[in-house]
Amino acid sequence: LCPDWETWDPRQPVENAREAMQQADDWLGVPQVIAPEEIVDPNVDEHSVMTYLSQFPKAKLKPGAPLNSKQVHPKKAKAYGPGIEPHGNTVLKSAHFTVETVEAGLGEVLVYIEDPEGHTEEAKVVANNDKNRTYSVCYVPKVAGLHKVTVLFAGQNIDRSPFEVNVGMALGDASKVSARGPGLEPVGNVANKPTYFDIYTAGAGAGDVGVVIVDPQGRRDTVEVVLEDKGDNIFRCTYRPVLEGPHTIYVTFAGAQIPKSPFTVNVAEGPNDTGDQSDLVDNLSAKSTSQGCCWKETVCSPWGEGETRVEMAAATNSHRYCNTAVPNISGFENGKPSGEG
C-alpha cells in the first residue's frame with residue numbers, strides 16, 4: 001500500500017505514520033487503536049504497539065487497493081492560484097498558489113522561479129496532508145518583468161508548466177504624498193497668469209503623478225497642465241487659469257487622490273489685454289513728481305515703458321492727456337490720445 005515509502009521525508013515522522021496507518025485502515029481494515037503521535041514516540045507503551053501490530057496477520061486486502069501507486073502521472077497534477085496568473089502579481093509582495101497531486105500518484109513537488117534576469121531560486125513548498133494531496137507554494141518576486149514558474153512533480157513538469165507570470169511594480173501609497181505651493185492657495189491667483197505648485201512623493205513608492213483642473217464651468221480642458229520632474233521625488237505642476245472663479249484641482253498618485261485633494265483655488269480677474277483710456281490710466285504703475293497742477297508720469301505697462309503728463313481737472317474729475325511721448329498702446333495714435341475722457 002505504500003511502495004514509495006522510501007521517498008517520504010524522514011523529518012516528518014508523524015505525517016508518515018498517519019499516511020501508513022490510514023492506508024492500513026482503509027484497505028486492510030486495521031483500526032487505529034493507537035495514535036500516529038504515539039507510535040513514533042520512543043517512549044511509547046509497547047503493549048499498545050503490539051496490540052496494534054497483531055491485527056495485520058489476519059487482515060485481508062480489500063478490492064481496489066492502490067497497489068500500483070509507484071506509477072506517477074505528472075501531467076495529472078495541476079496548479080492553481082494567483083501566484084501563477086499572467087497578471088496581478090507585484091514586486092516584493094508574496095505570491096501564492098496551490099499544487100494538487102491526488103491523481104498524479106506519489107512524488108515530490110518542487111517549484112523554481114526564474115526572474116527576467118535569468119536568476120533562479122527555489123520556492124517554498126509545504127505539504128497540506130489533505131485528501132487531495134495538495135501543496136501550498138509561496139514566493140516573493142524581487143524585480144518587475146516576466147517570470148517563469150516551473151512546477152515539477154516526481155522530477156517532471158506538471159500540466160501547463162512552466163507558467164509565465166508578468167510581475168508589475170508595487171503600487172505607491174498616495175497617503176504619503178503631499179503638495180504645496182502658490183498654485184494651491186485658496187486666494188492669490190489671477191486669470192491669465194501662470195502659477196505653480198510642487199508635489200512631493202518621497203517614501204510613497206512607485207506610481208504615476210496626475211493633475212486634473214476643473215474650471216468654474218465644470219470643464220476639464222480649459223486649463224493646460226505641465227508636469228515637470230524636478231528630481232529628488234519632487235514634481236512641479238505649472239498651469240495658467242483663463243477664467244476667474246473657483247477652480248477644483250485633483251492631484252493623484254498611483255491612481256488614488258493624495259491627502260487634501262481636491263483643492264479649491266479661487267482665481268481672481270486678471271488685467272485686461274485691451275481697454276479704453278480710463279482703464280489704462282487706472283491701471284498704470286507710475287512714479288509721480290508734483291509739478292503744480294499736473295504730474296509727470298513714468299508709465300510702466302504690459303506694453304512697455306514711456307512718459308506722459310496727466311492733468312487733473314478737479315471740477316469735472318476728468319483727465320486731459322498732454323502731447324508727450326507715449327508708448328504704443330491701444331487708444332493712442334501718433335503719440336497723441338485719440339480722445340479725451
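Predicted model: local features only at pLDDT ≥ 70, side-chain atom pairs only at ≥ 80, totals over all residues.

Reader: How many helices and strands does the protein chain have?

Author: The protein chain contains four helices and 25 strands. Of its 341 residues, 32% are buried. Among contacts with a separation of 6 or more, 55% join residues 24 or more positions apart. The accessible surface is about 20,600 Å², and carbon and sulfur atoms hold 50% of that area.

Reader: What does the span of helix α1 come to, from its first C-alpha to its last?

Author: One compares the span with the value expected at 1.5 Å a residue. Helix α1, residues 13–28, has 16 residues and reaches 21 Å, close to the expected 22 Å.

Reader: Which residues of α1 are buried?

Author: They are N16, A17, M21, Q23 and A24. Viewed down the axis of α1, the buried residues fall within an arc of 155°, so they line one face of the helix. Their cover includes α2 (36–39) and α3 (46–53). Just after α1, G29 adopts a positive phi of about 70°.

Reader: Why does N89 count as buried?

Author: Buried means under 20% relative accessible area. N89 counts as buried because its relative accessibility is 8%. This residue is placed in strand β2, residues 89–90.

Reader: Which residues are in contact with N89, leaving aside its neighbours within four places in sequence?

Author: The contacts of N89 are then P82, G83, A95, V165, N166, V167 and G168. As for P82, its backbone oxygen lies 2.9 Å from a polar atom of the N89 side chain.

Conventions. Residues numbered from 1 in each chain as written. Heavy atoms only, no water. Helix = DSSP H or I, 4+ residues; strand = E, 2+ residues; numbered from the N terminus. Expected span 1.5 Å × (residues − 1). Buried < 20%, exposed > 50% of the residue type's maximum accessible area, 1.4 Å probe, protein only. Arc of directions from axis to C-beta. Contact = heavy atoms within 4.5 Å. Areas by Shrake-Rupley, 256 points an atom, 1.4 Å probe, with all protein chains shown as cover. Polar contact = N/O pair within 3.5 Å; in protein donor to acceptor, adjacent residues only side chain to side chain.
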